[in-house]
Each structure stands twice: as C-alpha cells, then as structure tokens.
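Here's a quick tour of one protein model, picked apart piece by piece. Have the sequence handy and follow along in the 3D view.

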Amino acid sequence: MSRVRADEEEYWHSSKFRAFTFDDEDDELSQLKESKRAVNSLRDIVDDDDDDLDRVSWSGEPVGSISWSIKETASGSTSSLDGRDSSPQKGSSSYAGLPKQASSYSLSSLFKGEGFLCATQLCLSLSALTDTGVKNYAPELRRPKAEYKDYSSDWSPKDTVRRMQRGKVCSLERFRSLQDKLVLLDEAVAGHDGNVITAVLIFLKRTLRREILFRELEVRQVALCHLIHFLRETAEQKFLLDLLRFLDRTEEVALSQYREHLNIQDVEKRREFLKGCIGLPFSAEDTSHIQDHYTLLERQIIIEANDRHLEMAGQSELFRKYPRKASILNMPLVTTLFYSCFYHYTEAEGMFSSPANLKKTFKIPDKQYVLTALAARAKLRAWGDVDALLTTKNWLGYTKKKAPIGFHRVVEILQRNNAPVQVLQEYVRLVEDVETRLNLATKYKCHDVVIETYRDLKDRIQLTAYKCKVERGSAEEEKINSILNNMVRNDH
C-alpha cells in the first residue's frame, strides 16, 4: 500500500497539470479579477466631470493628432505581421507571443499621482489572460467621456446629482440603503435644481414604503413641497391624500377632496358630491363657500330646466329674439347674475331666477350687482331700466341719481353698448371731477356738456376754441355765441 501511495505522489508531482487550489496566486481567474479591479480603478482616478482635459493615447500623443494617427496605423500593421509570423498557435495566451517593446511614456502623463500600474503592463496582463490583443482594449479605455453611460457603480450622491444637473445618464438603483437615498435627496435639494429634486423623489416614491417616505419628508419641507406639487400635477389623488393625512393637514385633505368635483361631468352627481363636501373639515370661511357652491348649482339646475322648456316651447319673446348661447349650468355666480338680469330682470324676488333673489341669497355687494345689472340691461338697450337702476329715493321721497361704481364707469359701459348721445350726456353731466367730465364729453362728442362746463368755468378762450370744432350753423354754435355775448355784456 505504501508503494502505491508513493507512486501516486510521484505521479502528481511529476505531472505537467496542477490541481486547483483556492490559494493559488497564479490562477488565471484571480489574475483576471485583479486586472478588472485595476481597470475599474482607472475610472476612479480620472476626473470624469472635467471635460476640458486632453485625452491621451497610449503613445503619449493627444488622440486625434496627425502623429498619433500615423503611429497607430504603423503599430497596427506591425502587430498584424508579428501576429502572423511569430504567434505559436491560434488561441495561445502566452506572454512571449507579445512584442517586447519598451514603453515610451508613463501614466503620470495621464493621471496626477504615483504608485499606479503602467499602461503597458496593464495591457500585457490583459492580453496574457484573454485571446484578444492589446489594441482591442486600448480603444475602450480611450473612448470619449461623453460616450460612457455611467458604467461605474461607485458614484457618490454628490457626483450623481452633479451629473444629473448636467443632463448625463445616471442610474439611481445603486442607492439601496435608506441612508444613501436620504443623502441623495439632501444633495439634490442642496443643488437647487427642481428637475433633479423631482427625479430623486420619484425614485424614492417607487422604492420606499409610504410611511418611511412620509416620515423623512416631514423634516424636509423643500422636498415635501416638490412632492405635493408633483402629485397635484399628475393627479395622483390617493397618494396625495395619504400624504396630507399623515401630515395632519385636515383642511388640505378636504380641499383636495373638494377638487374632485371638477372631474364629475354629470350635473346631478356633482350636486350630490358637493352636498357631501359640506361636512368635510373646512375652515369656517371655506365651509361657507362650499355651501354657496352647492346652493348655486342647485339654483342653476332649476333655472336651466325652466328656461330650456320656455325656449323649446317658444313661449317667451325674449328667448326668441335673443336665443341662449350656452347652458347656465356650472357657470360662476357673476355669470349667473348677468344671465338672470338679462332674461329674468322683472321677476319677483320670490323666484329662484330673480336677480333680487340671487343678490339676497349670495349677499352680492351693491357695487357688483349694479355693475352686472347695468351691463345686462345696456346690452338690451333698456335705457329705462338703466335709469331706474341708478335712481334712488330718500325717506322724504326725493329722488337722485347714484352710482356705486362711479358715473364715469357708467358712461363707459353705456357707450360700449352704443347708447344715444342724449343718454350719454345725462350721465356725463353727473361726473363730479371737471377734468374727467371734459375728457369724456370731448371724447364722446357730448357738445352740450362741454359748452356748459366751459360756461360755468367762465373760460372764454376755451369756448372760442371749441367753437371751431362744432358744425357751422348748428345749435351748438349758436349756443356758444350766445354765451360769449352774455360774457361781454357782463364785463361792461
């Protein structure tokens, strides 16, 4: 037995094959791993963000120069000839098969630092482990930096944010731990780039549980505001409501739910939805607005049904003369008031469609009511209604003209609706400011107002000048001559 064991030992020691061991430092797999680490370490040494550095070839010449092109062509030809004549066998990876030429440069010309492998040794080691030659690796290492697609997996959060700001391709999947993701978010916020912040938030939203994401965003208000805006823009209502509930923003939750009525097209369903919104935790002021919105839509439904019936039946002369251009449903309050003043101005206050009823129900201010009613009645050229709207009576029974919006605005609205000069002159006279009154009277050719104003000012020069602007032989010219004659008599 001992003889057999001795023969086996002699066989294994004399064989040209060696057994595989994990500690074999000459193993080709270990060498391949070490070489790959060396290649990856080159990317750490290079400042990839510095686009102004000159790229240098293995020969030391700048890439793209004439001398570099000539040397590369020559070396390529020599390598191919040497490969045909001196290679021992196809597929051989022997070190001896490579041309032994001294390197004419060092890596110090590429990288500022010491203690690195020289490029020639690196290429030779790669060539010794694979079937490909040196020139198959050199072009890969000297590719323009713009072509790299972020193959490296060791970018720091700060470097990643900087690359994203420059529009470079970056994968965020490498940031797997919560700490790394939060550092990445903090760096994005510090960079003050909204697009980068939003991109990082989308990544966190996809890779973190909601509770964790909400808890971390609660102490990062800038990122939180970006996420809330993003969720509103993308209409991710459920996610937004969960976030607002976590933050205990009850009023914002209610407002976000209220906004859902915009997506409801059916008017009856929208009315029921608004009715349910009244009980949400709004502020007192907002609750009042929601109540008014519900009441207004309820009124609009009633008015729309009645007016559609009248219009189709042809029973109303006003609807025949001025057909409706659109439905009143879902219109604002001011539009509804204008519609009511146009089609239902004379109705009693007890009717839902009455302008007086709308004014009382929704507490419309006098200024807004007069402005809207004046525009509606002037459009119908109902000058009697305009006069009644602007006439008030005191407790003694005396009447006078009053305009909460100012008579200068009354004149502008009437003129816009082609009011006659006689109507315009009546309200131009009521403008208190003299200069404004003269400007309006001159602009709209209210000659009597201009003449009377200059007469009250006893401005003979302006009267004489204005005489040239009226028609010869007209009543206005005679009036100016009479005033000038009276001024002359009074002077004497």
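Let's start with Ser-354: leaving aside its neighbours within four places in sequence, it is in contact (heavy atoms within 4.5 Å) with Ser-340, His-344, Glu-347, Ala-348 and Glu-349. Keep in mind that this is a predicted model, where local features need pLDDT of at least 70 and side-chain atom pairs count only at pLDDT 80 or more, while totals for chains, interfaces and linings use all residues. Residues are numbered from 1 along each chain as its sequence is written, and side-chain values use heavy atoms, with hydrogens and water left out.

**More on Ser-354**

- You'll find Ser-354 in the loop between helix H16 (333–343) and helix H17 (355–361); helices are DSSP runs of H or I with at least four residues, strands are runs of E with at least two, and both are numbered from the N terminus.
- Is Ser-354 buried or exposed? Its relative accessibility is 0%, so Ser-354 counts as buried. Buried means under 20% relative accessible area, exposed means over 50%, and partly exposed is in between, using a 1.4 Å probe and protein chains only.
- The side chain of Ser-354 also reaches the backbone nitrogen of Ala-356, at 3.3 Å.

**The whole protein**

- The protein has 25 helices and two strands.
- Out of its 492 residues, 33% count as buried.
- Take the contacts between residues at least 6 apart in sequence: 50% of them join residues at least 24 apart.

**Nonpolar cores**

- A nonpolar core is a set of buried Ala, Val, Leu, Ile, Met, Phe, Trp, Tyr and Cys residues joined through side-chain atoms within 4.5 Å.
- Which members of the largest nonpolar core touch the most other members? Of its 52 residues, they are Leu-374, Val-410, Leu-414, Tyr-427 and Leu-463.
- Helix H18 (residues 366–379) gives the most to this core, with six residues.
- Another core lies apart from it, with 29 residues, among them Leu-201, Leu-208, Leu-217 and Leu-240.
- Not counting residues up to four places away in sequence, Leu-463 touches Ile-451, Tyr-454, Arg-455, Ile-480, Ile-483, Leu-484 and Met-487.

**Rings and charges**

- Rings of Phe, Tyr and Trp (its six-membered ring) pair if their centres lie within 6.5 Å; planes under 30 degrees apart count as stacked, over 60 as edge-to-face and the rest as tilted. By this rule there are nine aromatic pairs.
- One of them joins Phe-319 and Tyr-343, which are stacked, at 4.7 Å centre to centre with 10° between the planes.
- Phe-319 lies in helix H15 (residues 317–321) and Tyr-343 in helix H16, so this pair ties together parts that are 24 residues apart in sequence.
- The rings of Phe-342 and Tyr-343 have centres 4.9 Å apart and planes at 65°, so that pair is edge-to-face.
- Phe-342 counts as buried at 9% relative accessibility, and Tyr-343 is buried too, at 14%.
- Phe-319, Tyr-322, Phe-338, Tyr-339, Phe-342 and Tyr-343 form one aromatic cluster.
- A charge sits over a ring if NZ of Lys or CZ of Arg is within 6 Å of the ring centre and within 35 degrees of the ring normal. Lys-205 lies over the face of Phe-239, 5.0 Å from the ring centre, and the charged end of Lys-359 sits over the ring of Tyr-369, 5.7 Å from its centre.

**Helix H11**

- In helix H11 (residues 237–246), the buried residues include Phe-239, Leu-240 and Leu-243.
- What do the buried residues of H11 pack against? They pack against helix H8 (194–207), helix H9 (210–217), helix H10 (221–233) and helix H12 (250–258).
- After H11 comes Asp-248, whose phi is positive, near 60°.

- Glu-268 is in helix H13 (residues 267–277) and is partly exposed, with a relative accessible area of 36%.
- Ala-382 sits in the loop between H18 and helix H19 (383–389) and counts as buried, at 16% relative accessibility.
- The C-alpha atoms of Ala-382 and Ala-419 are separated by 9.8 Å, although the two residues are 37 residues apart along the chain.

Terms used. Polar contact = N/O pair within 3.5 Å; in protein donor to acceptor, adjacent residues only side chain to side chain.
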